[in-house]
Amino acid sequence: MILEDEFLDTLINDVIEKWRFYFEKLGLEELGPKDKILDIGCRTGDTERLIIRDFPEINRVVGIDVVQPWLMHANKKVRADKANGSTNDNFRGNISFARADGQCLPFADKSFARIICAEVLEWMNEPEASIIEIHRVLG
C-alpha cells in the first residue's frame, strides 16, 4: 500500500478515510481517461498518490505548491513508489508537480475536471484571486 505503509497511526488512517469521503463527494468515480484533477497546495503529494491509487482511470493529477522543498519531497515519493514496487497495479504514475501560485494558475481555461484546494485559501494574500482562477481553469 502507498499511504497505509507510511501512516501507521490510526489518526492518519482516519484522515485517509475522510479524504476518500471527500473524493466520493467530488464525484471522482465519474471521471475517466480524459479527465485531470488539480490540487492547489499539494504539499508532499500524498493526496495525488491516494487519488491515482484509488482512481487509476483518471488521466492525470497535478499538484501545485509554492514551497519548492515540499514539491521535491513529493517527486521523491512518486519516484520511490515507481522504483521499489510499493505501488499496486493501479498506479500508472500519472502524477505531476509544479511550483505555482494558486492566485495565478499557469493553466489554460477549463483544463481540469475537478480541483482540490484544502486548507490553502486562508493562507493567501488574495484568496479572491485564487477563487477566480479556480473558476477559470475548472471545466
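Buried stands for under 20% relative accessible area, exposed for over 50%, and partly exposed for the range in between, with a 1.4 Å probe and protein chains only.

The structure before you is a predicted model, in which local features need pLDDT of at least 70 and side-chain atom pairs count only at pLDDT 80 or more, while totals for chains, interfaces and linings use all residues. Residues are numbered from 1 along each chain as its sequence is written, and side-chain values use heavy atoms, with hydrogens and water left out.

Helices (H or I, at least four residues) and strands (E, at least two) are DSSP runs, numbered from the N terminus. Which residues does Ile51 touch, if those up to four places away in sequence are not counted? They are Phe23, Leu28, Ile37, Ile58, Val61 and Ile116, where contact means heavy atoms within 4.5 Å.

On the cysteines, I can be brief. There are zero disulfides in the structure, a disulfide being a pair of cysteine sulfur atoms within 2.5 Å. Cys42 is buried at 6% relative accessibility, whereas Cys104 is exposed, at 58%.

I turn now to charge. Side chains of opposite charge can pair when their charged atoms come close. The model holds eight salt bridges, each defined as a side-chain nitrogen of Lys or Arg within 4 Å of a carboxyl oxygen of Asp or Glu.

Asp46 takes part in a salt bridge with Arg49, the closest N and O atoms being 2.7 Å apart. Both residues lie in helix H2, three residues apart, about one turn of the helix. Arg49 is buried, at 1% relative accessible area, and Asp46 is buried as well, at 16%. Asp46 also forms a salt bridge with Lys77, at 2.8 Å between the closest N and O atoms. This pair links distant parts of the chain, 31 residues apart, with Lys77 in helix H3 and Asp46 in helix H2. Lys77 is buried too.

In helix H4 (residues 127-137), Arg136 and Glu133 are three residues apart, about one turn of the helix, and their side chains meet in a salt bridge of 2.9 Å, N to O. Arg136 is partly exposed at 24%, while Glu133 is buried at 12%. Finally, salt bridges link Glu17, Arg20, Arg53 and Asp54 in a network.

I close with the lining of the largest pocket. Where does its largest share come from? Helix H1 supplies that share, five residues. The other elements giving two or more residues to this lining include strand E1 (36-40), H2 and strand E2 (60-65).
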